[in-house]
Amino acid sequence: MKKNTFLLLFAAVFLFACKKSDVPGVPVDEVPIDTGYHYKSDYAYNLNVVYFVASDKTPNADYHRRISELMLQGQDFYGKWMKHWGFGDKSFGLMKDVVKKRIKIVEIKGKLDQSNYPYDGGAGAVLKEVDEYFAAHPTEKTSDHTLIIMCVKDIEADKAPFYGLGRNCFALDYPGMDIKDLGAATPEGIKATGWIGGLMHELGHGINLPHNGGQKSENAQFGTSLMGAGNSTYGKAPTYLTKADCAILNNNQVFSKVKKTDWYAPFNATINHLNAKFEGGNIVVSGRLSNAGSVNYINFYNDGNKNGIGGNKDYDAVPWSTQKIGVDSFYVSMPLSEFSNTEDYAYELRIMLCNENGSLMNVPYPYEIKNGIPVIDFGDKKEYSKTNWQVIDFSSEETVQEDGKVANLLDRNSTTAWVTRWNTNAPTFPHHFVVNMGQALVADGFTFTQRAGSSKIKDMQILTSNDNISWAVLGNYVLKDVGGPQFIYLPSPKTFKYFKVIVTSATDGRQYASLAEVSVFKN
Ligand code: ZN
């Protein structure tokens, strides 16, 4: 693989300079020639910036200066908002030569031509070569986060990856893309704003940020959220990072000035108690965590189903962020007046636990706005303890390719789920499980907690029994295609010791079923 062209270029100049010693009377180093850049960083980790050039392309002229300048400006932008929201003087780390205003860019010459790195599905081929490069040059990899800038000639015709993918993200460099044009009302300016703003937005994904659109009053004051539609305003009109963004970045590896060994290791905090209500114009949510140890911030995203929920349909999510209270508690009051849109939609509140080691955990709760009023029904019910409950019969469970064991239904952890077997001999509907509660209990209803994943339960029947021999049908029910708890209210209290759930369809139309948790409550 080719190293940085500029280093080679300056190395060549240096060699040429040395040859002066061949000339009689001219000593070596008589004229000191600056041979290159001296990259340093205050950070313990630095964003890897890769310039990827397909085999049929040549690097765009002056890219080192152009990319350096826009990345340094981006570092200032991210740093400005970290400071604004009280997270101190920090941004993403970059290896940089402060005097010469250049950052270290790793140039990688692709093995294949551009047609092998298309927008759709081309990221894998690029990442494979980037990984190979870093495996061969381990000292050049300075963190787990990599921005890959694809060198293109025609920004419209050269379809190259342009999105975030885990801790990697892709952006494009076209000939002449320059920070000096940013925001100008010229063809170059419009182009630069779109693609440089796009780069900064994709970089956000590459350093763990989800989409979110900001609160109404913040948008009025600070402009457009970068992780909302801010890719089209960056450098042209006021653009900002939300506090929720900065709470995530505060724990990010490349924002850290200290080394740690447990970056992004999973953590096992769970939301143990949750109270939620709409009161005085505010959605008020409070709760307690178990194993809250290193969780420091809790983010709340209200994602309305105007254009869909989650994935790439959450640009309009309205965010809040709060510090953990004491050892294990949280509280937030979210005024409905801060929603830019309060039309009647289904909503998902995603509670995100932000852990000090950078790991994030999302726990979704469904609600809806009806006649302009939030209908909040996801707080705790008085659920019976499940300590002595057992699943005594079930159709299948996936335990080879994932931990989908049926016992996950009763472990009070909504991040683990029962998943029907799919690795081999995947059975189709109906799927079922039977729970023995150990004693006859009076129930007002059930809590079915959908997992945040595929093949959630759609159609199902619940049956009850007191002897596990004769069964009575309680009813047929339909669960919604949203993660988090959903409640089934019985028209009158029922007493039973056993219950059976028979699943006959999944929300995504596939043949499997999954469920995070099942509980019974008495109000
Ligand atoms: Zn995005």
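## Terms first

Helices and strands here are DSSP runs, numbered from the N terminus. With that settled, strand 10 turns out to be the top contributor to the lining of the second largest pocket, giving 5 residues. Keep in mind that this is a predicted model.

## The second largest pocket

This pocket has a volume of about 450 Å³. Its lining runs to 27 residues, and those closest to the centre are I271, N272, D380, E383 and R412. Several strands give two or more residues each to the lining: strand 10 (270–279), strand 16 (360–370), strand 20 (431–450), strand 23 (484–503) and strand 25 (517–521).

## The enclosed space

How many cavities of 30 Å³ or more are there? The count is 1. The largest cavity holds about 80 Å³ of space.

Around the largest cavity sit L47, N48, V49, L94, M95, I103, K104, V106, E140 and T142.

## A look at D181

D181 belongs to the loop that links strand 7 (168–173) to helix 4 (187–206). Is D181 buried or exposed? D181 counts as buried because its relative accessible area is 14%, and the cut-off for buried is under 20%.

Setting aside neighbours within four places in sequence, D181 has contacts with G176, E188, G189 and A192. Take A192: this residue is 11 residues from D181 along the chain, and their C-alpha atoms are 6.2 Å apart.

Methods: Residues numbered from 1 in each chain as written. Predicted model: local features only at pLDDT ≥ 70, side-chain atom pairs only at ≥ 80, totals over all residues. Heavy atoms only, no water. 1 Å grid on protein atoms, 1.4 Å probe; cavity = no way out; pocket = protein on both sides within 12 Å on 5 of 7 lines; lining within 4 Å. Points joined across faces, edges and corners; volume = space filled by probe spheres on them. Helix = DSSP H or I, 4+ residues; strand = E, 2+ residues; numbered from the N terminus. Buried < 20%, exposed > 50% of the residue type's maximum accessible area, 1.4 Å probe, protein only. Contact = heavy atoms within 4.5 Å.
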